[in-house]
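Please look over the sequence and the model before reading on, and keep both in view while you follow the points below.

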Amino acid sequence: MTSTTAGAVNAPAAPTAAAAVALHPVPLGASRITAGFWFDRMQANRRQAIRTGYEKLQTAGNLRNLRIAAGTEQGEVKGPIFMDSDVYKWLEAAGWEYGREADEEILGWIREVTGVVAAAQAADGYLDSVQQVRGKGERYVDLPWSHEHYCAGHLFQAAVAVHRSTGETGLLDVAVKLADHLVATFGPGRTEDLDGHPVVEMGLVELFRETGTREYLELARWFVEARGTGIIEKHGKQPTYFSDRVPVREATSPEGHSVRAVYLTAGAADVAAETGDEGLLKALAGQWEGMLASKTYVTGGIGSRWDWEQFGDHYELSPDRAYAETCAAIGSVQWSWRMLLATGESRYADLVERTLYNAFLPGVSLAGTEYFYVNALQLRHGAHAEEERSVAHGRRPWFDCACCPPNIMRTLSSLDAYVATSSAEGVQLHQFTTGTVEAAGASLQVTTDYPWDGKVRVEVTATRGEFELALRVPAWAEGTSATVNGSAVDAVAGEYLRIRRDWSVGDVVELELPMTVRMVEADPRVDAVRGCVVVERGPLVYAVEQVDLPDGLVADDVRVRVAELRGAQAEHRPDLLEGVTVLQLPVHAALGAATGPLYRPAGDEPAPAAAEETLHVPAVPYYAWANRGLGAMRVWLPRA
């Protein structure tokens, strides 16, 4: 294999110095979230989730499968074909977590699990415990379903995380051996086949960035370009589900299985960056716009069909049957982040923010140890649970298909890296958290109580002199004000506030984002929520939850008037849900069961069973619902 000297920074997606990108991530350690909203979530992840995740990998059989493949234990493997991937996502989480702060217990777990993985690897580099045992040595015979490359991709990402954070090469050696096997086996003139579940593309590119081995990048490029050429259809599979109906360069919006689709586009964005492929990047921007225009929930969630976990048709965004898988939200963030690095455009950071707060975070409890696989935007009164993924169960400690929990872990463990970037111009702040940023020869101290308060204070604590400081002004933040050392400067919503000057230690930039209550309605082609509104404040989407309603009123029956909602009062409640800002909403509802037939002549409004009352009820941030027991909930509120 041909190698060059690698110089990747300690971050989940680290373009090389030669990559065609506008921005580069600030490494973990140089970017630190030190207090506030996200810090609390990250600490719960560190103290609770990483530990329980290690225990679940033992009890669910993931590690035993690898030991059986290694021959150190006997028996039958258990679980889905992709059981190894959960081990690798957990290893990635543990690696980034160790990079945040050294911990000998975490390092001990990494070493132990790495040893289990290494022992299971075949002499020629092949590694997939379930296939090795259950498949009795057969390889790559049903790639659309076998997830062999999918597991490999997650191994590559884990190996990079562990190597960048600890400097140890044990897992990286396993990854390189497997990657070399893939290079020798797949591609033009070799086995021309594709895994049904993308992620190997991202993994191979990041492994190239870490090792300098160009063949890994070239194989990733081939996997991207081969998609949509009929390879999977030759297996007798339906191509749309596998994002294989048309080539990546011709697709106008992601389709099929939502996680597969956005993992593919994220990997393609990595390929475009490292090869300087402007045409591919332009095609991906068009797909991203197509997704945002008609296939994205108001929360940022994606995937509207329970049937095969898929994107639906354009505008098919039902709230009560929303799938909005947590893994899909994570994949969306990964794609948007890579598009942000490539272009520097604020719209990508805006979607990262919306998705993190409202589509990713609902997937984990405040305690950090229970999870939603599916993130519906409505739970009806008296709903019955169907299967373990149903929100009617409440959050679950683990799943038979446990892709989401370790995916959440690795995202929270690496969240420091999504805050800021640097460029030849200076430093860019994309997400607002209390913490420190060291980049481009400068050091910044950021202080904020975001998302509850819109004030963001940035102080220069060390400086090289002249550089540009850019702060994202969210698209929702019309009316933002800003000052530099007390003097007003213009700030435009949906753009970066860019300040170039010869900075001195002690200089302060302040943003004041308007935290007014906003009402949002959908395009009328979203039939399921026509005539409804969503209440937002700052970056947060709000929900009405049954636990906050008076006796006799269920969330299903709440109605609102937009003009009245504009006066909704915000109150911060440090005693509630680990501290949230609650909105007191004026609502209209009939207390007691409504009368009238299910279907009736248009315009014939039945009288309610009881006089309609105007009540004030609290709405809480959607991410926090179902942490006080389970009951009816809705995000979309019908107009009275």
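Predicted model: local features only at pLDDT ≥ 70, side-chain atom pairs only at ≥ 80, totals over all residues.

**Helix 10 and helix 11**
- Helix 10, which covers residues 214-226, packs with helix 11, which covers residues 258-275, at an angle of about 130°, and their axes are 10 Å apart.
- Where the two helices meet, L217, A220, R221 and V224 come from helix 10, while G267, A268, V271, E274 and T275 come from helix 11.
- As a general point, residues three or four places apart in an α-helix point the same way, because there are 3.6 residues a turn.

**Helix 3**
- Helix 3 has 18 residues, 83-100, which at 1.5 Å a residue should span 26 Å, and the 27 Å between its end C-alpha atoms agrees with this.
- Helix 3 is also mostly covered, since 18 of its 18 residues are buried.

**R472**
- R472 lies in strand 9, which runs over residues 466-472, and R472 is buried, with a relative accessible area of 0%.
- The side chain of R472 makes a polar contact of 2.8 Å with the side chain of E353, and another of 3.4 Å with that of Q431.
- Beyond residues up to four places away in sequence, R472 touches several others, including D350, F432, E495, Y496 and L511.

Technical notes
Residues numbered from 1 in each chain as written. Heavy atoms only, no water. Helix = DSSP H or I, 4+ residues; strand = E, 2+ residues; numbered from the N terminus. Buried < 20%, exposed > 50% of the residue type's maximum accessible area, 1.4 Å probe, protein only. Polar contact = N/O pair within 3.5 Å; in protein donor to acceptor, adjacent residues only side chain to side chain. Contact = heavy atoms within 4.5 Å. Expected span 1.5 Å × (residues − 1). Axes fitted to C-alpha atoms, helices over the stretch in contact; angles between N-to-C directions.
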